[in-house]
Amino acid sequence: MQATSKKVITRDEWEKKLNDVKIRKEDMNKLVMNFLVTEGYVDAAEKFRTESGTEHIDLATITDRMAVKKAVQSGNVEDAIEKVNDLNPEILDTNPQLFFHLQQQRLIELIRNGKIEEALEFAQEELAPRGEENQSFLEELERTVALLAFEDVKNSPVGDLLDISQRLKTASEVNAAILTSQSHEKDPKLPSLLRMLLWAQNQLDEKAAYPRITDLFTATLEDPFV
């Protein structure tokens, strides 16, 4: 069978189709503000709120949330836990997995700083009881304690626990929990929309040749006929 030719859409036709799509400025402003609030860009959110007239946002909650996130990313987990409890004690009370991961991060930081005796005591008193109640917690605890078994920890099978990515992972989990407690979405909408755009383009590629967006930063249309 002969392959079906793709439909060809010229640049003028495509731009007309795009211009025919009407999006309210208010909706666009909400989308931008959602991204700034979720990602914690306090100054940018304040400026954008003033310039766009977007509905009131309690920017103090962003500052507090970013302080928690920064504390975890810096390895100051005890300080982060205190800040979370100051914001809302129910966050950790109702999320045992998050609390375990924060305690696990505390253990990692103790090991990182060479406080071996303190790390073993902390693991036994604070984490072991939780591991007895939850098999996945126990496995994570055993993997963390295994850091003590290697001289060259960074090149060991559990060396990734000492990577900055581990701190970022824990910080992201805390950030999401705080957002949920404040009735915000834990993930910004904008990245999801961009992923949907790429998916839609990939689907359309099978049926038509058209000016597609290849650079999401500039949204420039690339003409396939040039």
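**A walk through the model**

Tutor: Let's start with H10. The buried residues of H10 are Gln166, Arg167, Thr170, Ala171, Val174, Asn175, Ala176, Ala177, Ile178 and Leu179. Keep in mind that this is a predicted model.

Student: What covers the buried residues of H10?

Tutor: The cover includes helices H2 (25–39), H4 (59–73), H5 (77–87), H6 (90–93) and H7 (96–112).

Student: How many residues does H10 have, and how far does it reach?

Tutor: H10 runs over residues 164–181, so to speak, with 18 residues. From first C-alpha to last it reaches 26 Å, close to the 26 Å expected at 1.5 Å a residue.

Student: Which residue with a positive phi follows H10?

Tutor: Ser183, with a phi near 65°.

Student: Leu168 isn't in your buried list. Is Leu168 buried or partly exposed?

Tutor: Leu168 lies in H10. Its relative accessible area is 40%, so it is partly exposed. The C-alpha atoms of Leu168 and Lys83 are separated by 17 Å, and these two are 85 residues apart along the chain.

Student: Switching to H5. Where is Val84, and is it buried or exposed?

Tutor: Val84 sits in helix H5. It is buried, because its relative accessible area is 1%.

Student: What is Val84 in contact with, leaving aside neighbours within four places in sequence?

Tutor: Val68, Pro89, Ile91, Leu92, Val174 and Ile178.

Student: How far is Val84 from Thr38?

Tutor: They are 17 Å apart in space, C-alpha to C-alpha. In sequence they are 46 residues apart.

Student: And Asp79, where does that lie?

Tutor: Also in helix H5. Asp79 counts as partly exposed, at 33% relative accessibility. Its C-alpha is separated by 7.8 Å from that of Val68, 11 residues apart along the chain.

Student: Now H3. Which residues are buried there?

Tutor: Ala45, Phe48 and Arg49, in a helix spanning residues 42–52. They cover an arc of only 105° around the axis, so they sit on the same side of H3.

Student: Why would residues a few places apart line up like that?

Tutor: An α-helix has 3.6 residues a turn, so residues three or four places apart point the same way.

Student: What does the face turned away from the buried side of H3 carry?

Tutor: The exposed residues Asp43, Lys47, Thr50 and Glu51. On the buried side, the cover includes H2 and H4. Just after H3, Gly53 takes a positive phi of about 70°.

Student: H2 again. Which of its residues are buried?

Tutor: Asn29, Leu31, Met33, Asn34, Leu36, Val37 and Thr38. The end C-alpha atoms of H2 are 21 Å apart, which agrees with the 21 Å its 15 residues should span at 1.5 Å a residue. H2 is followed by Gly40, whose phi is positive, near 85°.

Student: New topic. How many aromatic pairs does a search of the whole structure find?

Tutor: It finds 1. Phe100 and Phe137 are stacked, at 4.3 Å centre to centre and 5° between the planes.

Student: What does that pair tie together?

Tutor: Phe100 lies in helix H7 and Phe137 in helix H9 (residues 135–145), so the pair ties together parts that are 37 residues apart in sequence.

Student: What about Tyr210, where does that lie?

Tutor: In the loop between strand E2 (208–209) and strand E3 (212–215). Tyr210 counts as buried, at 3% relative accessibility. The C-alpha atoms of Tyr210 and Leu221 are separated by 9.2 Å, with the two 11 residues apart along the chain.

Student: Which residues does UniProt list for the CTLH domain?

Tutor: The unreviewed UniProt entry lists residues 61–118 as "domain: CTLH". Over that stretch the chain is 83% helix and 0% strand. Its end C-alpha atoms are 34 Å apart.

Student: Last one. What is the mean pLDDT of the protein chain?

Tutor: It is 85, and 92% of the residues reach 70 or more.

Terms used
Residues numbered from 1 in each chain as written. Predicted model: local features only at pLDDT ≥ 70, side-chain atom pairs only at ≥ 80, totals over all residues. Heavy atoms only, no water. UniProt positions renumbered as here; feature names shortened; annotations may be inferred. Helix = DSSP H or I, 4+ residues; strand = E, 2+ residues; numbered from the N terminus. Expected span 1.5 Å × (residues − 1). Buried < 20%, exposed > 50% of the residue type's maximum accessible area, 1.4 Å probe, protein only. Contact = heavy atoms within 4.5 Å. Arc of directions from axis to C-beta. Phe/Tyr/Trp six-rings, centres within 6.5 Å; stacked < 30°, edge-to-face > 60°. pLDDT = per-residue confidence, 0-100.
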